[in-house]
Amino acid sequence: MEMLINTGILILGFVLLIKGADFFVDGSSSIAKTLLIPPLIIGLTIVAMGTSLPELSVSVVSSLQGNNELSVSNVTGSNLFNLVVVLGASALILPLNVDDRVLRRDFPISILCAAGLMIMCYKGMCIGRFAGTVLCVAFVLYIIYTVRAATKSRKAKLSQHDDEFQEAAQEYRILPMWQSVLYVIGGAVAVKFGGDFVVDSASYIAKSFGLSETLIGLTIVACGTSLPELVTSIQATRKGELDLAIGNVIGSNIFNILFILGVAAFLSPIAIVTANLVDMGVLIVVSLIVWGFCWTKKSLSRREGVFMLIMYTIYLIYIILRK
């Protein structure tokens with residue numbers, strides 16, 4: 001009976017996470033559009049952070065409860081899911097043209113973040129409070145850099161009387177200010193409680209079946225908390241907002257490593273196990289492969305999307321057998 005109840009709580013937690021993130025993104029995006037921000041920047045910042053709220057909630061709650069193993073595996077698993085499943089599925093719908101700014105700036109930054117995290121973890125097999133602070137500071141610097149780039153782009157476009165920024169509003173409805181604020185607050189509250197439910201129920205299920213929290217974090221929790229990225233990117237691709245789809249994934253991955261793990265480590269130092277290092281290595285290798293795909297023709301084709309989904313399937317089989 002307890003297993004059935006916890007399964008129901010897990011599902012309810014995911015619903016709250018997904019819908020809460022959805023409301024948060026709609027509200028914050030409506031506010032952002034009044035500032036004439038281009039689609040790529042919206043994807044790299046507001047949408048990326050909004051769709052990563054489930055990961056933030058799960059990781060922070062895990063740290064506060066002492067389940068740090070779930071925190072690390074959740075971020076690593078979510079980043080892998082975002083990179084190969086979200087982008088792969090989006091490419092199946094419509095080949096993704098990759099903006100040159102993503103190829104030369106944001107994609108390399110995401111790879112460097114993963115590599116830096118792996119080196120940091122390997123040296124001490126732990127992410128302490130100081131390291132967490134460094135990650136958070138790095139995230140703030142990245143946001144400042146991105147916002148400055150957006151400001152320059154905005155001024156240049158406005159001077160040319162370009163209507164690209166007005167077209168950016170097509171992905172999301174423009175809501176009244178009061179409704180936008182309500183969506184942001186309500187979405188954040190739903191994500192908070194959803195994270196509590198997911199962590200508690202997933203930990204119970206893991207222990208009941210004798211599974212490690214690393215395995216649960218890399219599979220059920222990682223895939224579940226990445227559903228907002230998947231839905232957002234697929235919807236953006238279907239509507240032709242390719243910059244938003246790609247920016248959402250790359251921005252989310254950077255946010256997950258720098259801010260989410262940074263905050264989680266600051267709240268409670270995170271112990272690292274060998275399996276975490278292996279998964280980080282897989283993330284780096286897969287990131288390089290996908291980056292290479294993007295460089296070939298400045299796009300991701302349907303064939304490459306299929307290959308990426310196959311890579312993730314092989315990885316899932318590996319981590320299940322590894323248990």
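Arg 104 counts as exposed because its relative accessibility is 55%. The cut-offs are under 20% relative accessible area for buried, over 50% for exposed, and partly exposed in between, with a 1.4 Å probe and protein chains only.

This is a predicted model, in which local features need pLDDT of at least 70, side-chain atom pairs count only at pLDDT 80 or more, and totals for chains, interfaces and linings use all residues. Residues are numbered from 1 along each chain as its sequence is written, and side-chain values use heavy atoms, without hydrogens and water.

**Salt bridges**

The structure holds two salt bridges. The term covers a side-chain nitrogen of Lys or Arg within 4 Å of a carboxyl oxygen of Asp or Glu. Arg 104 pairs with Asp 100, with 2.9 Å between the closest N and O atoms. These two residues sit four apart in helix 5 (residues 100–124), so about one helical turn separates them. Helices here are DSSP runs (H or I, at least four residues), numbered from the N terminus. Asp 100 is partly exposed, at 37% relative accessible area.

Arg 105 bridges to Asp 106, and their closest N and O atoms are 3.0 Å apart. Both partners are covered: Arg 105 is buried at 12% relative accessible area, and Asp 106 is buried at 0%.

| Salt bridge | Closest N and O atoms |
|---|---|
| Arg 104 and Asp 100 | 2.9 Å |
| Arg 105 and Asp 106 | 3.0 Å |

**Cysteines**

The structure has zero disulfides. A disulfide would be a pair of cysteine sulfur atoms within 2.5 Å. Cys 121 is in no disulfide, and its nearest cysteine sulfur, that of Cys 126, is 8.4 Å away. Cys 121 counts as buried, with 0% relative accessibility. Cys 126 is partly exposed, with a relative accessible area of 32%.

**A buried serine**

Ser 287 belongs to helix 12 (residues 274–297). Its relative accessible area is 5%, so Ser 287 is buried. What is Ser 287 in contact with, leaving aside its neighbours within four places in sequence? The partners are Leu 83, Phe 107 and Ile 111. Contact means heavy atoms within 4.5 Å.

**A nonpolar surface patch**

Met 177, Val 181, Ile 185, Val 189 and Phe 193 form a nonpolar patch on the surface. Together they have about 460 Å² of accessible area. Patch residues have over 30% relative accessible area and no salt bridge; like charges are joined within 9 Å, and nonpolar side chains (Val, Leu, Ile, Met, Phe, Trp, Tyr) within 5 Å. Areas come from the Shrake-Rupley method with a 1.4 Å probe, and for residues only the protein chains shown count as cover. Val 181 lies in helix 8 (residues 177–208). Val 181 counts as partly exposed, at 37% relative accessibility.
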